[in-house]
Amino acid sequence: MKKLLCLTALCAVTALGALTGCGADAAQEPPVSATPSPAASAGLTSAFGAGEVVDLTELSSVMVYAEVNNIMTTPDDYIGRTIRMDGLYYASYYEETGLYYHYVIVEDATACCQQGLEFSWEGHTYPQDFPADDTKVEVEGVFRSYEELGITYYYVDASALVVL
């Protein structure tokens, strides 16, 4: 019994040593910076160059979700850029403003995480000129912002809406 206990203790110490390694080498590693380098930061931005059309319809479902997340977290980087997106159309009425708001719901690869991008289609009347909710659409337009009730909102100023 004592041999089994000693063997178990020896295995545990050996495993612990293998997992932690030697502490002397740790001092030689360069310190990790909390601020990413410009090159690392560049890898976190849009896959599209400045001035290019951000065509979400050409991306895989994983990449489209990542790009939409970029749009939602850094919207000012997209102001004035043309965005092309497809997904399910939905309209929503907001009592406080008395207006309908229009969205394209973009899904990720597993359809578990959805993002809605608001769009406005000037010169068109709801509901006559808009598809029914849950209709697959493609929308293209310029990304802009507006102030409403003291809050800044972002939307695509649509130049085209096509039912797919």
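Okay, quick housekeeping. Residues are numbered from 1 along each chain as its sequence is written, and side-chain values use heavy atoms, with hydrogens and water left out. Since the model is predicted, local features need pLDDT of at least 70 and side-chain atom pairs count only at pLDDT 80 or more, while totals for chains, interfaces and linings use all residues.

So, rings. Searching the whole structure turns up 12 aromatic pairs; a pair here means rings of Phe, Tyr or Trp (its six-membered ring) with centres within 6.5 Å, called stacked with planes under 30 degrees apart, edge-to-face over 60, and tilted for the rest. Take Tyr89 and Phe130: their ring centres are 6.0 Å apart and the planes sit at 25 degrees, so this one is stacked. Tyr89 is in strand S2 (residues 82–94) and Phe130 is in the loop between strand S4 (114–120) and strand S5 (135–148), so the pair ties together parts 41 residues apart in sequence. Strands, by the way, are DSSP runs of E, at least two residues, numbered from the N terminus. Both Tyr89 and Phe130 are buried, meaning under 20% relative accessible area with a 1.4 Å probe, protein chains only. Ring pairs also link them into a cluster with Tyr93, Tyr100, Phe119, Trp121 and Tyr126.

Now the strands, which pair if DSSP finds at least two bridges between them. S2 and S5 run antiparallel, joined by 8 bridges; Thr82, for example, has Val142 in S5 as its bridge partner. S5 also pairs with strand S6 (residues 151–163), antiparallel again, over 12 bridges. There, Glu140 partners Ala160 in S6. And the S5–S6 hairpin has 2 residues between the strands, with Leu149 at a positive phi near 55 degrees.

Notes:
Helix = DSSP H or I, 4+ residues; strand = E, 2+ residues; numbered from the N terminus. Buried < 20%, exposed > 50% of the residue type's maximum accessible area, 1.4 Å probe, protein only.
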